[in-house]
Structure formats: C-alpha cells, structure tokens
Amino acid sequence: MKLNVDLGRDSYPIYIENNLLDHAAARIQEVFSGRKIMVVSDDNVYPCYGQKLTDQLSSEYETSRLVLPHGEAAKSFQTLPRIYAAFLEAKITRSDLIIALGGGVIGDLVGFAASSFLRGVKFVQIPTSLLAQVDSSVGGKVAVDLPEGKNLVGAFYQPKMVLIDPLVLDTLAPRFINDGMGEVIKYGCIRDAELFRTLESRSSFADLKESLPDIIQRCVDIKRIVVEHDQFDTGERMLLNFGHTLGHTIEQYYHYERESHGEAVAIGMYQIARLAEDAGLTPAGTAGQIKNLLQIYGLPFECGIRLKELTQAIAVDKKNLNNKLNVILLKDIGTSYIHPTTSAFFDRRSEWMM
C-alpha cells in the first residue's frame, strides 16, 4: 500500500508492504537519480538487513556504509562528528543520498545529521522497529538529545521516501515490539476509537500480528493527515505528544537506561489520564481503559517515583514556552485536545506515586 504526505515541494511517498526490503533499491530509484548513497545503521540492525540493502544498491550506485552502536546513548552530539567524518570520507555532496536503516534512534540521529551536513543532504527512512514504523519515521522531526532532556536540539527535515516492511519486525526482541505498541495505542487514544477497540479485542501482539500491515497503515495515515495540517508542530500536531511530556521526563530521570521510549510513553498516557480525571478534564474511567490495554500488550503503567521528582525536567521540556505548557488530554477514547496550562498542572498531585 502507498500513502503520500502532501507538503508541496517537501511531499514524499510512504510504502508499506511485506517483503519490501527485497526490492528497496527499485523504490529508491523513484526518488533518487544521483550517484552516491551512504547507508547508516546500527550494530543490531545492519547484521540482519544491511548487507541485503547495500548489495541491491551497489548494482546501481556507489554505496558506502556506517554502522553505529545501538541504543539511545548514541543519539547525542558526541556521535555527530563520527557521522560527519564518514560523510566527508565518502565525499558525500548535496546531490547524494543518505539512508537511515534502523529504529527511532537511527532515524532521528541520521535525519538530523543529513539536515545539517552541507545545509541539507537528501535522505530516506527505512524504519526497522515498530515504533519507528508507526511514528518516528514519518513527519520530518529529526533530533539529538542533550543531558538536560530528550530531542532538545533538532530540525524539521522531511525524508524523500519512507519504506516500511512489517516483516523486519520478526527479528525484534519482544520488549521492542511492546515498545512500539505504546505508540500504536497512542493513536487509538488520540484519534481512532475503532483502532482502540480493535486492540482491545486481541489477547496479545501475537494475536494481532496478521493484521499488522493494516494497523501500521492506520497509524501512519493518522500521522500523515496531522502532519499535512501542521508540519511545524504549532497546533494540531501537538496531539501526537499524548503521554510524551511525562514519558520523556521518565526516560531522562533514568538516564535512558530503564524504560524504553514506548514504555515511558505508556506510563505517561495512563498517568496523564489519571491526573486529568482527578481534575475533571477527562471522563472517569478513561485511565482504567488505557491501563487495561497496556496490560494486554505487556506495557507498564507506573514507574515507582513521585510526580514531584519529575517537575524540574518538565520545566525544561521543549513544549514549555514562556512558562506555558500545552498538555494533551482526552475528551474520550479516540478524541484528544490541547489543554494550555503550566508546569503547575503537575503540582496539585505532586505526592502521587507514578
């Protein structure tokens, strides 16, 4: 199946298809007619899929590769000089192409490097994690982390194409399937009650797997529509941050070493719904529905720290502008809204255990 993100001169296609990686080079030819391609991946993903991809590309292009360490710790300024050095060694120019082959960390990191090297080199996303397939590979947000917080330095830089092969998920560890399901559940919460009900009707990810291409397509289509309406995250696109204000601070609190992104977002969705219910801003019982669904897919809903311990990190969140913070709340499952407030929103129940 094919979707198109309509952003004028920055428009691009998204392909979602089983076994797509087997003919990725033919798809790339649709958007790139230059001479050189560099594939950037990590040491978990490249051994599984990198050689297959570079072998295809090498028949048509001068192809090089860079394999980075896996994990969130790689998504930092300390990694960027190594990437830029590899681009220079391969003599990458603005007429060449970078391919990000990996999960959300690789997509964000390589996209940011592509956006900033020579003021912009074209790049293609080939996401290999569920989280990246349903969320981070689409929409053009690229970034690196700072010690003070996640994604605090970044850009809006759209890919030329996104290629999604659901079958690559067969090599993912169960934890990272669960990780991606955190973002899938988010889409049901904010925009698609039918998707939420579909997820509720299954007993596990294994029970859902045969429907996975359609599930991915529904999530990507929601994000496509939102991004087309609000490319630069000033309005409707903020809805995609449901659970993220708390989720990012949980990740930072544990130095990105305990909860994964999807796990932290799962906790954030349940806890923000709980806070909103307590404030009369979300219907009673909503948090319980979210909690039940998280449990079906093996996701956490609490992390064992007091809310007040996260307040400082919330204060420097990039969504906190002029001491005003937009938090995303639910009118109901499938309908979300932006609630303008301040970090004080979290103070009224600062002693709550999360």
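## Aromatic rings

Let's start with a cluster: Tyr 84, Phe 87 and Phe 117 are linked together by ring pairs. Keep in mind as you look around that this is a predicted model.

In total, there are 8 aromatic pairs in the structure. One of them joins Tyr 253 and Tyr 254, and this pair counts as edge-to-face because the ring planes stand at 80°, where over 60 is needed. The centres of these two rings are 5.0 Å apart. Are Tyr 253 and Tyr 254 buried, exposed or partly exposed? Tyr 253 has a relative accessible area of 31%, so this residue is partly exposed. Tyr 254, at 17%, counts as buried because the limit for that word is under 20%.

Phe 345 and Phe 346 also make an edge-to-face pair, with 5.2 Å from centre to centre and 85° between the planes. Both of these Phe residues are buried.

## A buried serine in a loop

Now find Ser 137, which sits in the loop that runs between helix 5 (130–136) and strand 7 (141–146). Its relative accessibility is 1%, so Ser 137 counts as buried.

What does the side chain of Ser 137 reach? It comes to 2.7 Å from the backbone oxygen of Ala 132. If you set aside the neighbours within four places in sequence, Ser 137 is in contact with Gln 125, Pro 127, Ala 132, Pro 159 and Val 162.

## Space inside: the cavities

How many cavities of 30 Å³ or more does the structure hold? There are 3.

The second largest cavity has a volume of about 60 Å³. Its lining includes Asn 241, Phe 242, Gly 243, His 244, Thr 245 and Leu 246, and also Gly 268, Ile 272, Val 327 and Ile 328. Helix 10 (244–253), helix 11 (261–278) and strand 11 (324–332) each give two or more residues to this lining. Helix 10 gives the most, with 3 residues. By type, the lining of the second largest cavity splits into 5 nonpolar and 5 polar residues, with no charged ones.

## An open space: the second largest pocket

The second largest pocket holds about 240 Å³ of space. Its lining is made of 13 residues, and those nearest the centre are Arg 9, Asp 10, Tyr 157, Gln 158 and Lys 160. What kinds of residues line the second largest pocket? The lining divides into 6 nonpolar, 3 polar and 4 charged residues.

Key: Residues are numbered from 1 along each chain as its sequence is written. This is a predicted model: local features need pLDDT of at least 70, side-chain atom pairs count only at pLDDT 80 or more; totals for chains, interfaces and linings use all residues. Side-chain values use heavy atoms; hydrogens and water are left out. On a 1 Å grid over the protein atoms alone, a cavity is a set of points where a 1.4 Å probe fits but cannot get out, and a pocket is an open set with protein on both sides within 12 Å along at least five of seven lines; lining residues have an atom within 4 Å of a point. Grid points are joined across faces, edges and corners, and a volume is the space filled by probe spheres set on the points. Ala, Val, Leu, Ile, Met, Phe, Trp, Tyr, Cys and Pro count as nonpolar, Asp, Glu, Lys and Arg as charged, and the others, Gly among them, as polar. Helices (H or I, at least four residues) and strands (E, at least two) are DSSP runs, numbered from the N terminus. Buried means under 20% relative accessible area, exposed over 50%, partly exposed in between (1.4 Å probe, protein chains only). A polar contact is a pair of N or O atoms within 3.5 Å; within protein, one must be able to donate a hydrogen and the other to accept it, and residues adjacent in sequence count only if both atoms are side-chain atoms. Contact means heavy atoms within 4.5 Å. Rings of Phe, Tyr and Trp (its six-membered ring) pair if their centres lie within 6.5 Å; planes under 30 degrees apart count as stacked, over 60 as edge-to-face and the rest as tilted.
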